[in-house]
Amino acid sequence: MSIDVLSAILVIPAVSAALLAILPGYRQTAKLNVVAALATFLTSLSLFVVEPVSGQYLLVDDLNKVFIVLTTFVSFTTSVFSASYIQHEIETGRLTPAFLRFYHAMYQTLMFAMNLALIANNIGLMWVAVEVATLTTVLMVGIYRTHEALEAAWKYFILGSVGIALALFGTILVYMAARPVVGEGLDGMVWSVLVKHAAQFDPALLNVAFVFLLLGYGTKVGLAPLHAWLPDAHAEGPTPISAVLSGLLLNVALYALLRFKMMLAVNLAAIAPGPLMVTMGLISVIFASLMLYRRRDIKRMFAYSSIEHMGIIVFAFGMGGPLANFAGLLHMTMHSLTKSAIFFAVGHIAQVKGTQKIADIGGLTVTNPVLGWGLMLGVVAIVGLPPLGIFMSEFLVVSSAFSHAPWLTVILVLGIIIALGGLLLRIGAVMFGEPKGPTAPAEASYVPMFTHLALVLMAGIYLPPGLVAGFQNVAKLLG
Amino acid sequence: MSSLQFDIAHLLAGSLVLASFMMLYQDRLYALLNVYALHAGVLALSVAWQAYVQQAPHLYLTALIALVFKAIIIPVALHRIIKRLGIHREIENVIGIGLTMMAGIGLVALSMVVMLRVTPGADALAREDLAFALSVVLLGLLVMVTRRNAVSQVVGFMSLENGLVLAATGAKGMPLVVEISVAFSVLIAFIVIGIFLFRIRERFDSVDVQALDRFRGERR
């Protein structure tokens, strides 16, 4: 029974990917896409009821339960948004039915790969899953086949591949470190075995391995010196993919990094991964928040905001300790929900206005009040104003870090404030300026966007004790 | 392990690094592809030797994949693509060949220093293999960075993957899962690249990545 739940999380997307690749008719396939995503989400919820048994290939613990539920939930809401988004794309002729079929199949393949990466117990399998997720998103980013989309996809492909290659080298080094202790063969790649014996691994080899893993998976997280693919990929692909990239795929790469961090934490002689992560996180926050000021493309702007928030999250996990880990987890959840809600709004806005250029969009609260105020609420949330959830999680990150490293925390706060200024400055004209561009009402599905925002609002005011207890448990696990 | 076995493994892995160096100074696409085929052939020999030394028969499969797929099919296919698309056959380097070679020497020295220092516990063959593999990976990165042409960047990436295979086979007893996955990912990567090349061809007159750089959504 329990094994069935785990495999269902993988089988449902895999089967639907195959089905969607052959079925014609975009209305039906869009619905099928939604149904499949919903089924996966419901299945993942049942992980809380049945206790699955972990094997040599698959693993479920409290840490990845959080990630899986978040991933399948946002995949589901994004598929609802995607259905109304692509209808418009078909009508305007930006996508043909053949490409749409491809798009839906890739969407479910991506879900499959992300779920596999999250429940893999084998570090080799995890690497393969992240690689597949990268390749599917590369294909989807390039789907419009314009100059910009091709360039973005090419850049993403090359940088993503290099990152993933470095991560594989790191994985091989981990195996080399494990081999003298746990012996040759499969055990040397099983994460739960590795973490049990990590204390006896050769620390020098582990250090080098972690540097490669940090650079490799860090590229996929979008950390600052390695982020170059991220803004292009977000700006040029279809908006549902931007939402999934920001909200989910970055988290999956982060999850891989966290697994290795847990392994290193067991070995006392190895370097502490914390300071490395804190440094990269801070660089990302400062860099991305400064970049926000000169954005001209609205999707690109929110892509930089994603880099900033991933920086904050990596900073929190780098600090470590139950409190900072709790804050990091909460911030990750809040960011996923908020950022995908923002992309839902931005996607419809770009369709109504026929452009992504900030200068050509204006007076949204007048022309499209629901979308405009929805985006405004999202932006208020993402910059960290009270009473929304991100305020709370950022507050927790800052207050938990302050006692350990006051100066670094000051830098972090500075970055957050710079980002707040940048985003509000840019978004002000879009919201309240002169109405510009077409003013046709949007045929939008508002449900996904407002569901996310309502959850974020609720988290800012009241966190259910069950959730708090669960997150605390995971935070303890992360060490 | 006898010293002869070690010496041969050492020789083959060293030849792979040498082939990587040969890639650095090629200025014609066809020549670059030939060097890549040589690179993959040396890899196949090296992996086969590892299979023999470690008495790990499944590694012969990896060697076979390297020989058939990487050393023959991919270079031939890329030859055809270049001919059919009429891609410029000269490679534009971002920096001069002399400087590139110097950088390459530096990278190899770096990987020797790093890998030999952190693996005193491992057996000698694995140590050498890892150090050489890291050199090949870094040289592959260098090829990607210093070339403007999309095809030569892809070749750089594939030579980088060869370095990964060398590392994976050098790590004794590494589960088969990984070898297959490496080969598989190369296959997928190649399909993706093929699609890209054709799409790029549909829209552009050149496969020069610089042509793609023309517009970036934010250029003022």
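Helices (H or I, at least four residues) and strands (E, at least two) are DSSP runs, numbered from the N terminus. This is a predicted model, in which local features need pLDDT of at least 70 and side-chain atom pairs count only at pLDDT 80 or more, while totals for chains, interfaces and linings use all residues. Residues are numbered from 1 along each chain as its sequence is written, and chains are lettered from A and ligands numbered from 1 in the order in which they are written.

**Annotated domain of chain A**

- An unreviewed UniProt entry lists residues 120-417 of chain A as "domain: NADH:quinone oxidoreductase/Mrp antiporter transmembrane"; UniProt positions are given in the numbering used here, feature names are shortened, and annotations may be inferred rather than shown by experiment.
- Residues 120-417 of chain A are 79% helix and 0% strand, with 38 Å between the end C-alpha atoms.

**Helix 13 of chain A**

- Helix 13 of chain A covers residues 321-353, and its 33 residues should span 48 Å at 1.5 Å a residue, which agrees with the 47 Å between its end C-alpha atoms. The expected span is 1.5 Å times one less than the number of residues.
- Of the 33 residues in helix 13 of chain A, 30 are buried. A residue is buried if 20 or more other C-beta atoms lie within 10 Å of its own, exposed if 12 or fewer, and partly exposed in between, with C-beta atoms placed from the backbone.
- G354(A) follows helix 13 of chain A and has a positive phi, near 70 degrees.

**Helix packing in chain A**

- Two packed helices are described by the angle between their axes and the distance between the axes. Axes are lines fitted to C-alpha atoms, for helices over the stretch in contact, and angles run from 0 to 180 degrees between N-to-C directions.
- Helix 12 (residues 298-319) of chain A packs against helix 13 of chain A at about 170 degrees, with the axes 8 Å apart. Helix 12 of chain A is therefore roughly antiparallel to helix 13 of chain A; angles under 35 degrees count as roughly parallel, over 145 as roughly antiparallel, 65 to 115 as roughly perpendicular and the rest as oblique.
- Among the residues that meet here are F302(A), S306(A) and H309(A) in helix 12 of chain A and H331(A), H335(A) and K339(A) in helix 13 of chain A. Two residues are in contact if their C-beta atoms, placed from the backbone, lie within 7 Å.
- The axes of helix 13 of chain A and helix 19 (residues 465-478) of chain A come within 8 Å and cross at roughly 120 degrees, so helix 13 of chain A is oblique to helix 19 of chain A. The contact includes P322(A) and N325(A) of helix 13 of chain A and F471(A) and Q472(A) of helix 19 of chain A.
- The crossing of helix 13 of chain A with helix 19 of chain A is right-handed. A crossing is left-handed if the near helix is turned anticlockwise from the far one by less than a right angle, and right-handed if clockwise.
- Helix 3 (residues 62-91) of chain A also has an axis that comes within 8 Å of that of helix 19 of chain A, crossing at roughly 125 degrees. These two helices, helix 3 and helix 19 of chain A, are therefore oblique to each other, and their crossing is left-handed.
- In helix 3 of chain A, D62(A), L63(A) and V66(A) meet N473(A), V474(A), L477(A) and L478(A) in helix 19 of chain A.

**Loops of chain A**

- A442(A) is in the loop between helix 17 (406-432) and helix 18 (447-461) of chain A, and is partly exposed, with 19 other C-beta atoms within 10 Å.
- The C-alpha atoms of A442(A) and V352(A) are separated by 6.0 Å, although the two are 90 residues apart along the chain.
- Most residues other than glycine have a negative phi, and most peptide bonds are trans. The peptide bond from P386(A) to P387(A) is cis, with omega near 5 degrees.
- P387(A) is in the loop between helix 15 (369-382) and helix 16 (389-402) of chain A.

**Chain B**

- Chain B has eight helices and zero strands, and 45% of its 220 residues are buried.
- The unreviewed UniProt entry places "transmembrane region" at several spans of chain B, including residues 32-52 and 130-147.
- Residues 32-52 of chain B are 100% helix, with end C-alpha atoms 30 Å apart.
- Q55(B) lies in the loop between helix 2 (29-54) and helix 3 (58-85) of chain B. Its phi is positive, near 50 degrees, and Q55(B) is exposed, with 7 other C-beta atoms within 10 Å.
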